[in-house]
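Please open the structure in your viewer and keep the selection tool at hand.

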Amino acid sequence: MTDSLHHRSDAPILIVGGYGTVGTALTNLAAPEFPLLLAGRNPADGAELARTQGVSVRRWDLGDPTPFDATVRAVVSTVNDPHDRVLRACIEAAVPYIDVTRWTGRLARAATLAGHLAPTSPVYLSSGWMGGVTNLVAAALVHELGAADEITTSIRYDTNDKAGRDSVDFIDRLGQDYEVMLRGNPITVSPLTDTTWVEFPGSRTKVARIDTPEQLTFPLTLNVETATTRIGFSSNVSTNLLLAAKKAGLFRWGRGDRFTPLRRALLYSPGTGGSAQIRIDVSGPHGAASAVVVDPNGQAHLTAVGGYLALRRVLGTEMHPGIAFPESVPHPERIIGELEKHGVAVLRT
Ligand SMILES: NC(=O)c1ccc[n+]([C@@H]2O[C@H](COP(=O)([O-])OP(=O)(O)OC[C@H]3O[C@@H](n4cnc5c(N)ncnc54)[C@H](OP(=O)(O)O)[C@@H]3O)[C@@H](O)[C@H]2O)c1
């Protein structure tokens, strides 16, 4: 037996992982505008959120073969879907699908599977940094300039920000080299190398390379020749510690399970809340444009805003069936205003 979704336009939006850190922020944004159904392994953990927001919660464990069955209007995946169960069920039932969780290899896999299954509903892959907010702002800047050759994204990760357990899988990517485009040619880069300093409002942050999905999609969707993303912590001491661990080879020799706690402790020590900041620099034949995105409500909220804007888009009339990325949606000139409505500042530098 396989999972079985059914599409109905007056049915709830299913948020898989909907009472997790990102899922809760998305639930708080989407209710009561949309009826919602939240899913996860331990629905009792979502009972309080479901009660306060007047939504439903059910069990769906993506690691348990027990099939899941529901009638829904659209699905947002806010938890890793290692076997593409959610994606496959959506495509088979012509249910609009949004994902905000996939790292680059998983995004490429989703696009391959979707291409193979030929969806008749939108498959919106919004996994660029912060649920595709980076992609949206980059698209707005490219639209403003008319054309772009290069997009550089710099992430300032607040060491005091909240993050959930499902985020830790991503950390293990730091041991794997990846491919990006540099002046129109593919090159292989190593994570946490190629450091530079970047100006954020009120701080300078040391950043280093990281593998994120927008570096795969920008050359394809926005026709840029170079796409680069780097990350650094609000604490330069923490960044230096991470870079030293990388230099010492921790992500190579420490790949095995024995070292998992050590690897994860380096990056996963969530706090009580912080500010999410991303700087995007775009340059092209007609000039350059930059913006710093600041969400005082932190990374989970900013990711949820990306998911919410994606949801509004897939439910609107302008989306076509098939694979879509945030940066190729219509009306990039409206993006900054939409973000600002959700308390996200887009500062021009
Ligand atoms: N695109 C981006 O920029 C971006 C930014 C932030 C986060 N993310 C991604 O978003 C995801 C969620 O992060 P988070 O911080 O919200 O994690 P989280 O707090 O751990 O939330 C995960 C949620 O999924 C549920 N869940 C976990 N395993 C499951 C399974 N096998 N089947 C069904 N449900 C399951 C959990 O509930 P139960 O424990 O009850 O199952 C929980 O509700 C991560 O993959 C993270 O990498 C992406």
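The model is predicted, with local features requiring pLDDT of at least 70 and side-chain atom pairs counted only at pLDDT 80 or more, while totals for chains, interfaces and linings use all residues. Residues are numbered from 1 along each chain as its sequence is written, and side-chain values use heavy atoms, leaving out hydrogens and water.

**The domains**

Colour domain 1 (4-125) and domain 2 (133-299 + 332-348) separately; these bounds come from an automatic or database domain assignment. The domain centres, taken over C-alpha atoms, are 25 Å apart. Domain 1 brings 9 residues to the contact and domain 2 brings 13, where contact means heavy atoms within 4.5 Å.

About 950 Å² is buried between domain 1 and domain 2, and carbon and sulfur atoms give 63% of that area. Buried area is the accessible area (1.4 Å probe) that two parts lose on being put together, summed over both. Now select Thr-21, Trp-103 and Thr-104: in domain 1 these lose the most area to domain 2, together 55% of what that side buries.

**The ligand**

Next, select the ligand and the 29 residues around it, of which Tyr-19, Thr-21, Arg-41, Val-100 and Met-130 come nearest.

At Gly-131, a polar backbone atom is 3.3 Å from an oxygen atom of the ligand.

On its own the ligand has 920 Å² of accessible area, of which the protein covers 88%; such areas come from the Shrake-Rupley method with a 1.4 Å probe, and for residues only the protein chains shown count as cover.

**Two backbone details**

Select Ala-31 and Pro-32, whose connecting peptide bond is cis, with omega near 0 degrees. Finally, go to Asp-194, which has a positive phi of about 55 degrees although it is not a glycine. For comparison, most residues other than glycine have a negative phi, and most peptide bonds are trans.

Definitions and conventions
A residue is near a molecule or strand if one of its heavy atoms lies within 4 Å of it. A polar contact is a pair of N or O atoms within 3.5 Å; within protein, one must be able to donate a hydrogen and the other to accept it, and residues adjacent in sequence count only if both atoms are side-chain atoms.
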